[in-house]
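Biologist: Could you walk me through where the ligand sits and what surrounds it? I am new to reading structures, so please take it step by step.

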Amino acid sequence: MRVLQVAAEATPFAKTGGLGDVVSGLSRFLGRAGHDARVFLPLYAHLARERDRYTPVDFIQGVPVRLGPWRFTYSVLTTPLPQSDVHAYFIDCPELFGHGEIYQGDREDSLRFALLTVAAFECAQRMGWTPDILHCHDWHTALAPVYRRAFLDWDRLFRRTKTVLTIHNLGFQGIVDLSRLSDLGLDGHAKLVDLSPGNLNFLRNGILHADALTTVSRTYAREIQTPAQGFGLDPLLRARGDRLVGIVNGVDYDEWSPETDPRIPHHYSARDLSGKSAMKGALLQGIGMEETAAPVLGVVSRLTAQKGFDLSFEVLPELLARRDLRVVALGSGESRFEEFFRRLHEQFPGRAWFYRGFNNELAHWIEAGADLFLMPSRFEPCGLNQMYSLRYGTPPVVHKTGGLADTVEPFDASTGQGTGFVFEHFDAQGFRWALGQALDVFLQRETWERLMRNGMAKDFSWDRQGEEYVELYRRLAG
Ligand code: ADP
Ligand code: GLC
């Protein structure tokens, strides 16, 4: 099958969270399974600085493109995704992507990602390649099904192409004011574009027009159809409920396995856990903490309200004051969370540690070197970190929501079944309770190792999860 993926992120080229991991992991899987998958993303400034690494596609150079009143010119470069034959194609449009960060605010980004979307169609056309499936991700490229219909040439050319929109996070919808419509070349398409309630919402329009909708876990697929988690789009999602399926994300175990992870100095497996203690020692030493038998609680997260760390404001200082444990946190985001972890670091020197920023290597070290992984998310479409932590023998403490509910089974010490600690109600009491359970089990070494092994045995590989996408693609393509 021919599958075009168009997205704002694809690891390792562009990543701010799980979106990048999923776009690449799914595409690599499709390649392994014998499909012709191609990924389109922008040549961001940080990629443009290393443009020599990529090969220009000689028949897509200096292409003029019109979007409403705007005239842009772009070229395309390409390289395979690492460890794969699948090619990533980079839209090189310096005016829009040649400066600044990956994201620049909805207003700027609406134009930037509309150009990406339009260019993906044009490139397919110039390649003489008609995809069976055009798969777009999150609000950034959600207008793909709209552009397909809006432009008559494409409606003819891509007549057989079915569109799939994956919602990785309903919290971001790409909402801009109506004046943007003409900038995006859509002002002549009033019948096609839904402008209720008085703005242009990228995600809403994608949901309306895509042939199929997916989200990244079964529980989240249900949750987003409720007012509590629907971010205002639940009526529409209910109306299109027959088109919506939840498919849990896969994990790229080539990247995230304690047996082979090239980013960590000590390796281990469920059969031989000795490297895990060595990793704990290395992590503590690396951050200037003394070695200890006390449990190390790890955090790797975007620090936004979604991730639920407001629950730790009360609970972590209280626990650190009462019990012998360590907290090692990596993340960045809203200042109230950064401030909290920074103060914790100051207040409990040698016992709490915080690194503000994005650091992939350190993320691997924490997954491997911590004893417990904290993910008290308020909502979580899927979440990858809890699945990574399961594989690294670092049982997660999670709120029962979205993908966390689908991938972490509550541990029952009496039967030895389960993989982590799960609290139902999103409040400090719930989080405190789950952490208390975890710290008690941690003291029983044999039981703890059983728990670690249960999690390490779980398989969320793309080879399993990816099949569900292929089945969906097949159904759509007929
Ligand atoms: P989300 O996409 O909502 O941020 P996920 O759990 O799906 O949550 O994916 C997060 C991804 O981003 C993981 O690969 C995680 O390791 C990575 N990540 C998050 N914050 C950081 C950080 N500060 N430094 C390095 N990697 C991070
Ligand atoms: C989003 C979600 C996260 C999910 C990721 C990849 O960023 O917040 O839960 O795992 O996308 O699908």
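Predicted model: local features only at pLDDT ≥ 70, side-chain atom pairs only at ≥ 80, totals over all residues.

Biologist: Which element gives the largest share of the shell around ligand 1?

Modeller: Elements giving two or more residues to this shell include α1 (18-32), α14 (360-369) and β13 (296-303). With 3 residues, the largest share comes from β13.

Biologist: How much of the accessible area of ligand 1 does the protein cover?

Modeller: Let's start with some contacts. A backbone N or O atom of Gly18 is 2.6 Å from an oxygen atom of ligand 1, and a polar side-chain atom of Asp21 is 2.9 Å from an oxygen atom of the ligand. A backbone N or O atom of Gly357 lies 2.8 Å from a nitrogen atom of ligand 1. On its own the ligand has 560 Å² of accessible area, and the share that the protein covers is 94%.

Biologist: How much space lies in the largest pocket?

Modeller: Its lining has 44 residues, with Gly18 and Arg302 among those nearest the centre. By class, that lining has 16 nonpolar, 9 charged and 19 polar residues. The space in the largest pocket is about 1,100 Å³.

Biologist: And which element gives the largest share of the lining of the second largest pocket?

Modeller: That pocket holds about 380 Å³ of space, and 24 residues line it, with Lys15 and Asp21 among the closest to its centre. The largest share, 3 residues, comes from α1.

Terms used
Residues numbered from 1 in each chain as written. Chains lettered and ligands numbered in written order. Heavy atoms only, no water. Polar contact = N/O pair within 3.5 Å; in protein donor to acceptor, adjacent residues only side chain to side chain. Areas by Shrake-Rupley, 256 points an atom, 1.4 Å probe, with all protein chains shown as cover. Helix = DSSP H or I, 4+ residues; strand = E, 2+ residues; numbered from the N terminus. 1 Å grid on protein atoms, 1.4 Å probe; cavity = no way out; pocket = protein on both sides within 12 Å on 5 of 7 lines; lining within 4 Å. Points joined across faces, edges and corners; volume = space filled by probe spheres on them. Nonpolar A, V, L, I, M, F, W, Y, C, P; charged D, E, K, R; others polar.
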